[in-house]
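Open the model in your viewer and keep the selection panel at hand.

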Amino acid sequence: MRVRWLAESEFAAARAPWNRLLAATPVDHVFLTWEWQYTWWDGFRAGRELRLLLAYDGDEWLGIWPLVRRRLGLGRHWRRLEPLASGEREAEEICTEYLAPIVRPDRADEVWPAWMATLAAGARGEEPSLAWDDLLLTRCRPGEWLESLRRYRPKGWIVSPGPEQGCPYVALPTSFAAYLAMLSANTRQQIRRLLRELDRHRWTLEEADDFAAAEAILADLCRLHQRRWRSRGRPGAFGSERFRRFPAAAVPRLLERGWLSLLRLRVDGETVGCLYNLRYRGAVAFYQCGLDLERFGALRPGILLHTLAIRQAIERGDREYDFLGGVSRYKASLAPTSRPLASLRIARRGLRAALFRAEERLHQGGRAVLRRLRRGQTTPSTS
């Protein structure tokens, strides 16, 4: 077994071995596919250096850890490693979740010590091009790999756990009636009322089956999303040009593989709302939406659209409907269970690390003040 860093030119051509390895691991998820990871890199590479840590045996991939390096702090003196598809500015966060190294389980005991030895050499500065000061892991899927990381880390490195986040999800039963039985009496009653109201109208749930249809639904989704958030004095996710480009760039790659479910609910010829869902190996993940709450608020478009999407997933035989990160009232009402996302930081002790952490806390405090000021300036008047 050998370890090396994968070059960017190799990354571009690595779809087949990447996805073949991923399918053989317990972390298999659409967010870790080559399609998602490479699309992210294509849009967010500015200011980052690719660090893809590969373990292989002959022509066979045993593990790939998709990382990037950024320079932070005053003078850009601090070198941070973090998972590929993470670390965006708040205004353009893609919110990729379930991040993890991709390692074949039967070879993990070989891969992890070799990987950690390689990372330790970089931390000691033995290879300046690979040097780093801390490793920040966010939105991570908990599992054996986190224990392996702790077990094989070099002495003197501190592992500091960060805040956990929940991902509400539904383990789908075999019938829609069985799904409704999983919910509270109030939620069941609300869903049945909404479906009866919907059936009083002419309605269709459209799903994009080609690129032109996908572009049209995505344009509707973006328009409704932005109108809703700007009415609240907020910029909306699609206010960032880089964020706006990302889901559009992902569409052809995801659609080609059958991993995209772009849905649009139309009632009496008018668009009520759109969902950008990811459908991968029997798991449907809700990624983004656009809703017309001004004209169709009485129909509760969010709850209605998710209900229809869940019903569709059950009819197709899917095993899970995942609302991804962030616990909110509507997610909690529709999803009876939740799984955690972990975060942690690995760094060496020392004065330099302490100074950077103090600088980072000051920076975060300043950003919090700016956010409060912006909210005060942009919140619409209630008078």
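**Stop one: α3 and α9**

Select W34, E35, W36, Y38, T39, W40, G43 and F44 in α3, which meet R242, F243, F246, A249, A250, R253, L254 and R257 in α9. Contact means heavy atoms within 4.5 Å. By class, this contact holds 10 nonpolar, two polar and four charged residues. Ala, Val, Leu, Ile, Met, Phe, Trp, Tyr, Cys and Pro count as nonpolar; Asp, Glu, Lys and Arg are charged; the others, Gly among them, are polar.

A note on the model: it is predicted, so local features need pLDDT of at least 70 and side-chain atom pairs count only at pLDDT 80 or more, while totals for chains, interfaces and linings use all residues. Residues are numbered from 1 along each chain as its sequence is written, and side-chain values use heavy atoms, with hydrogens and water left out.

Angles under 35 degrees count as roughly parallel, over 145 as roughly antiparallel, 65 to 115 as roughly perpendicular and the rest as oblique. Axes are lines fitted to C-alpha atoms, for helices over the stretch in contact, and angles run from 0 to 180 degrees between N-to-C directions. Helices are DSSP runs (H or I, at least four residues), numbered from the N terminus. The crossing of α3 past α9 is right-handed (the near helix is turned clockwise from the far one by less than a right angle).

**Stop two: α2 and α3**

Select R15, W18 and N19 in α2; they meet W34, E35 and Q37 in α3.

**Stop three: α4 and α5**

Move to α4 and α5, which pack at about 50° with axes 10 Å apart. They too are oblique to each other. D109, W112, P113 and M116 in α4 meet W145, S148, L149 and Y152 in α5. Six of the contact residues are nonpolar, one is polar and one is charged.

**Stop four: the second largest pocket**

Its volume is about 260 Å³. A pocket is an open set of points on a 1 Å grid over the protein atoms alone where a 1.4 Å probe fits, with protein on both sides within 12 Å along at least five of seven lines; lining residues have an atom within 4 Å of a point. The volume is the space filled by probe spheres set on the points, which are joined across faces, edges and corners. Select P26, V103, A108, E144 and W145, the closest to the centre of the 16 lining residues. α5 gives the largest share of the lining, four residues.

Methods
Helices (H or I, at least four residues) and strands (E, at least two) are DSSP runs, numbered from the N terminus.
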